[in-house]
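Hi,

Here is the model I promised to pass on.

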Amino acid sequence: QGVRIANARFENNTARDGGALGVAPDRTKNSFFDVTDSVFVGNTATRKGGAVHLSGVDSGAHLAEGCVFRANRVGEDGFIGKVNGGAIYAEKNAVVRVHDAVAVDNAVVGRYGNGGFLVANFAKEVFLQRVNISGARSGEEGGGGALFVFGSEVTLDQTRIDRCSAGVRGGGGILLDGGAKANVFEGVLSNNAARGGFGGHIRVTASSLDIFGASKELKFMPQV
């Protein structure tokens with residue numbers, strides 16, 4: 001089962017999981033979103049994935065060709081439970097591929113949340129290519145200002161993470177935990193911070209990280 005979407009705008013939508021796009025519990029197998037040149041702005045999830053929630057075997061999303069994620073949120077003011085993935089949440093062997101996209105000011109609202117832009121929790125594959133991420137933040141006690149990767153493999157190619165911040169759990173840009181594996185090709189991490197935690201750019205816990213080259217400036221980078 002698949003959904004193709006082009007030139008769409010998802011604005012100020014709300015759900016428990018996936019404020020704009022989500023997979024229902026009885027559809028968590030063979031469900032795939034192919035989204036191009038679309039905007040996700042101001043969407044909110046109360047639990048997982050402010051804009052997009054993906055779950056299940058052979059499920060996932062391809063988000064490409066100028067997609068924009070701006071000011072999406074997960075959680076609610078005053079909520080003390082765990083919430084994850086300010087814009088995107090992928091779990092249970094789902095796949096995420098993001099190409100030529102911009103993500104600005106996506107965040108966790110709530111004290112214990114992780115992954116201001118994206119959370120991969122036992123996802124099958126996460127691939128970000130030419131993605132410009134800025135201003136993402138986790139909760140005060142959370143980690144992974146931009147990306148929180150747990151038990152999953154993520155590849156970043158020509159991707160910038162700038163001005164992102166994490167809480168006590170650390171990893172202002174990226175937090176890897178639970179046997180996660182990350183490969184970074186020609187990436188730029190700048191001006192990120194861990195508020196009271198470890199790893200202003202990256203924190204690695206029981207996981208592995210390989211970096212293949214770095215660049216102060218990236219060509220063909222989508223503009224914020």
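This is a predicted model: local features need pLDDT of at least 70, side-chain atom pairs count only at pLDDT 80 or more; totals for chains, interfaces and linings use all residues.

**The cysteines**

C67 counts as buried, at 0% relative accessibility; buried here means under 20% relative accessible area, exposed means over 50%, and partly exposed is in between (1.4 Å probe, protein chains only). C164 is buried too, with a relative accessible area of 2%. For C67, the nearest cysteine sulfur is that of C164, 19 Å away.

Residues are numbered from 1 along each chain as its sequence is written, and side-chain values use heavy atoms, with hydrogens and water left out.

**The chain as a whole**

You'll find 24 strands and zero helices in the chain; both are DSSP runs numbered from the N terminus, with helices being H or I of at least four residues and strands E of at least two. The chain is as compact as a globular protein of its length, because its radius of gyration is 15 Å, close to the 17 Å that the globule rule gives for 224 residues (taken over C-alpha atoms; the rule is 2.2 Å times the number of residues to the power 0.38). Along the principal axes, the C-alpha atoms fill a box of roughly 40 × 40 × 30 Å.

Of the 224 residues, 54% count as buried. Among contacts (heavy atoms within 4.5 Å) with a separation of 6 or more, 84% come from residues 24 or more positions apart.

**One loop to look at**

Most residues other than glycine have a negative phi. Now go to the loop between β11 (88-91) and β12 (95-104), where K92 sits. K92 is not a glycine, yet it has a positive phi of about 50°. N93 lies in the loop between β11 and β12 as well, and its phi is positive at about 70°, although N93 is not a glycine either. K92 is exposed, with a relative accessible area of 54%, whereas N93 counts as partly exposed at 38%.

Cheers

How values were computed. A disulfide is a pair of cysteine sulfur atoms within 2.5 Å.
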